[in-house]
Amino acid sequence: AIVLVQLDAFEWLQAIFEDNENAELDNVFLSAWILALSLLWFLWRRWRYRASQSSTKLLSEIKRREQAEYAAKMSEARLRDAIENIPVAFVLRDADDRVVLFNKRYREWNADVAHLIKPGVKFEILLHAAKHRRKIEAVEGEDWVKLRLAKSHEISEPFEELHSNGRWLRVEERRTNDGGYVGVRTDITELKQSQNLRYDAI
């Protein structure tokens, strides 16, 4: 656009110079032409500088975001690796009591409902499935699912849980700052078996 303006101005001034025999007037128009060209050159250089600055800022912002995304992915990978390698079963649920994150031990130690364990599933659904598969009867006239949910939501003291495969788990659950729940299960089967042996010996 600037080049077109320059050409139009040049053609216009040239026509005036050809028709005008007055040398002083020619000098005035020549000075005006030089001034116009200088102004156009200044504006073009200024536009190029601003465009260059904008491009540099844009590239810098893109690079910053890429680095932030990479750092977030690496942090998530490290977190998942740590969760997978702890010697307990781990599960994280959100404020709506839906499963968000869990490790392989949580699924292995809940083998009877493992096919249902996935992000987004309600904890209550897992409990109903466990009740059915483990053939859990009412506890002192109370529904086991309601009692189990109450224990989880009220954050009671750690308690022990017997699974249908004979595995004993010590269950501990805590609230998170956003209203969710984090739980760990520790396998205490050997401890319970040794206790039973001692009782039998007595």
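**Salt bridges, buried charges and cavities**

Apart from neighbours within four places in sequence, Ser152 is in contact (heavy atoms within 4.5 Å) with Arg93, Phe123, Glu173 and Tyr181. The structure is a predicted model, in which local features need pLDDT of at least 70 and side-chain atom pairs count only at pLDDT 80 or more, while totals for chains, interfaces and linings use all residues. Residues are numbered from 1 along each chain as its sequence is written, and side-chain values use heavy atoms, with hydrogens and water left out.

Ser152 is found in helix H5, where helices (H or I, at least four residues) and strands (E, at least two) are DSSP runs numbered from the N terminus. At 0% relative accessibility, Ser152 counts as buried, a class that means under 20% relative accessible area, whereas exposed means over 50% and partly exposed lies in between (1.4 Å probe, protein chains only). The side chain of Ser152 is joined to that of Arg93 by a polar contact of 2.6 Å. Such a contact is a pair of N or O atoms within 3.5 Å; within protein, one must be able to donate a hydrogen and the other to accept it, and residues adjacent in sequence count only if both atoms are side-chain atoms.

The protein chain as a whole holds 6 helices and 5 strands, and their order along the sequence follows the pattern α-α-β-β-α-α-α-β-β-β-α. Of the 202 residues in the protein chain, 25% are buried. Among contacts between residues at least 6 apart in sequence, 33% join residues at least 24 apart.

Side chains of opposite charge can pair when their charged atoms come close. A search of the whole structure for salt bridges (a side-chain nitrogen of Lys or Arg within 4 Å of a carboxyl oxygen of Asp or Glu) finds 10 of them. One of these joins Asp97 and Arg93, with a distance of 2.6 Å from N to O, and both Asp97 and Arg93 are buried. Another salt bridge is formed by Glu173 and Arg185, whose closest N and O atoms are 3.2 Å apart. Glu173 lies in strand S4 (residues 168–175) and Arg185 in strand S5 (residues 181–187), so this pair ties together parts that are 12 residues apart in sequence. Glu173 is buried, with a relative accessible area of 5%, and Arg185 likewise counts as buried, at 3% relative accessibility.

A further salt bridge is formed by Asp143 and Lys131, with the closest N and O atoms 2.6 Å apart. This pair links distant parts of the chain, since Asp143 is in the loop between helix H4 (123–134) and helix H5 (144–153), and Lys131 is in helix H4, 12 residues apart. Asp143 counts as partly exposed at 25% relative accessibility, and Lys131 counts as partly exposed at 26%.

Arg93, Asp97, Arg148, Glu161, Glu173 and Arg185 are linked in a network of salt bridges. The side chains of Arg148 and Glu161 are joined by a polar contact of 3.1 Å. Leaving aside neighbours within four places in sequence, Arg148 is in contact with Phe123, Leu127, Phe159, Glu161, Val171, Glu173 and Arg185.

On a 1 Å grid over the protein atoms alone, a cavity is a set of points where a 1.4 Å probe fits but cannot get out, and lining residues have an atom within 4 Å of a point. Grid points are joined across faces, edges and corners, and a volume is the space filled by probe spheres set on the points.

The largest cavity has a volume of about 120 Å³, and its lining includes Arg148, Glu161 and Arg185. H4 gives the most to this lining, with 5 residues. By class, the lining residues of the largest cavity divide into 7 nonpolar, 1 polar and 4 charged, where Ala, Val, Leu, Ile, Met, Phe, Trp, Tyr, Cys and Pro count as nonpolar, Asp, Glu, Lys and Arg as charged, and the others, Gly among them, as polar.

The second largest cavity has a volume of about 40 Å³, and among the residues that line this cavity are Ser152, Phe159, Val171 and Glu173. The largest share of that lining, 3 residues, comes from S4. The lining of the second largest cavity has 3 nonpolar, 2 polar and 4 charged residues.

Methods
1 Å grid on protein atoms, 1.4 Å probe; cavity = no way out; pocket = protein on both sides within 12 Å on 5 of 7 lines; lining within 4 Å.
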